[in-house]
Each structure stands twice: as structure tokens, then as C-alpha cells.
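Please examine the sequence and the structure shown below before reading on. The paragraphs that follow lead from a loop to a helix and then to pairs of charged side chains.

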Amino acid sequence: KTPIRAAEAFLDFTKGYDESLEDAVGKAKTCGPEVDFGEMVIVKDVDFSSLCRDHLVPFFGKVHVGYLAVSGEMLQPSKIAHLIDILSRRLQEQEKLTREIANELLSRVSPFGVGVIVEATHLCVAARGVERRNSQMKTSCMLNEFRTNQTTRNEFLLLLTKP
């Protein structure tokens, strides 16, 4: 049964190829006047797991996203988590995953800016090769206002450190 279980596990690890981002996430919803023009929306500590495309070994961790809402347009936190699930359940490189999440948010919400930080433990580093069990990789992608406006970037990074 082990070969069958292994095959089923790999299908689960890569199920993101079979899921449509459009069907699962769609476009932003208008939330009305309670989310004002230019307010920052942050969803942090979203768990994820993925397979390294180079080694077919898992890497896993947390994703933190923020964006500056435009005219009350926003995605529900569950939709952001689903977007992360779909993209991470494909063969990935962490740097590419970080950019893909940021670009998808940019296209679905059309915000003034997007910031994404991914923190992950890679088993290809922890369990083979150099065997550094406590190492962690962090990647970021800052787009538009998060890249060009230091105040916006600092607010995002500061809010991520708060409980």
C-alpha cells in the first residue's frame, strides 16, 4: 500500500494545479464606506506547505500579506488563505511563490500597493545536505506603494511585529 499512499500524497501536495484561482477566489468585493480609500489591510500568519520544485521535498511556514485598499475593495481573509493554498500546492520555489501571491493580490484587488512576506523551513536544508534544522528562509515582495513609499512599508513591517 505504500506506493499508493505515496502517489496519493503527491497528488495532494500538487492539487493546486487542478484548482482555479478564479473559481476559488474571484475578484475583490466592495465593502462599503467602513474600509476607506487607502486603508491598509493585513492578514498574517497564514500557514502553508509546498514542495520544492528542485528536490520534491516539502517546505512550510507562514505567509503575511498586506495591501492598501482602494474605495472599499477587499478580499475576505478566507479568500486570501485559499489563494495561498492554491499557489503553494504546486511545485514551487519560495521566491516565486512570494511574487505570485503579491501579483495575484494586485490583479484581484487593484490596490495602491501590496506587501507579501513568506517565512519557511525547507526540509532540503534541514533534513539533507547541510542539515541546518533551525534555519529559516524569508522572502518579500513589495509592489507599488509598498515599494516606493517608505512610510507605508514601515507601517506594514511594524504591524507584523505586533501580536
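In which loop does Leu 56 lie? Leu 56 is found in the loop between β2 and β3, where strands (E, at least two residues) and helices (H or I, at least four) are DSSP runs, numbered from the N terminus. The model is a predicted one, in which local features need pLDDT of at least 70 and side-chain atom pairs count only at pLDDT 80 or more, while totals for chains, interfaces and linings use all residues. Residues are numbered from 1 along each chain as its sequence is written, and side-chain values use heavy atoms, with hydrogens and water left out.

Leu 56 has a relative accessible area of 44% and is therefore partly exposed; buried means under 20% relative accessible area, exposed over 50%, and partly exposed in between (1.4 Å probe, protein chains only). Together with Phe 10 and Phe 13, Leu 56 forms a nonpolar patch on the surface, with about 250 Å² of accessible area. Such patches are made of residues with over 30% relative accessible area and no salt bridge, nonpolar side chains (Val, Leu, Ile, Met, Phe, Trp, Tyr) being joined within 5 Å and like charges within 9 Å. Accessible areas come from the Shrake-Rupley method with a 1.4 Å probe, and for residues only the protein chains shown count as cover.

The backbone of Leu 56 also deserves attention. Most residues other than glycine have a negative phi. Leu 56, although not a glycine, has a positive phi of about 55°. Asp 45, likewise not a glycine, has a positive phi of about 60°. Asp 45 belongs to strand β2 and, with a relative accessible area of 39%, is partly exposed.

The next element is helix α3. This helix comprises residues 77–88, 12 residues in number, and reaches 16 Å from its first C-alpha to its last, close to the expected 16 Å; the expected span is 1.5 Å times one less than the number of residues. Its buried residues are Ile 80, Leu 83, Ile 84, Ile 86, Leu 87 and Ser 88. Their cover includes α2 (21–24), β2 (40–52), β3 (58–68), β5 (91–92) and α4 (94–109).

Lys 79 also has its place in helix α3, and at 23% relative accessibility it counts as partly exposed. Beyond its neighbours within four places in sequence, Lys 79 is in contact (heavy atoms within 4.5 Å) with Ala 24 and Val 25. The C-alpha atoms of Lys 79 and Val 25 are separated by 5.3 Å, although the two residues are 54 residues apart along the chain. The side chain of Lys 79 reaches the backbone oxygen of Ala 24 at 3.3 Å.

Charged pairs complete the picture. Side chains of opposite charge can pair when their charged atoms come close. The structure holds eight salt bridges, each a side-chain nitrogen of Lys or Arg within 4 Å of a carboxyl oxygen of Asp or Glu. In one of them, Arg 108 pairs with Glu 22, the closest N and O atoms being 3.1 Å apart. Arg 108 lies in helix α4 and Glu 22 in helix α2, so this pair ties together parts that are 86 residues apart in sequence. Arg 108 is buried, with a relative accessible area of 9%, whereas Glu 22, at 43%, is partly exposed. Another salt bridge joins Asp 47 and Lys 62, with 2.6 Å between the closest N and O atoms. Asp 47 lies in strand β2 and Lys 62 in strand β3, so the pair ties together parts that are 15 residues apart in sequence.

Technical notes. A polar contact is a pair of N or O atoms within 3.5 Å; within protein, one must be able to donate a hydrogen and the other to accept it, and residues adjacent in sequence count only if both atoms are side-chain atoms.
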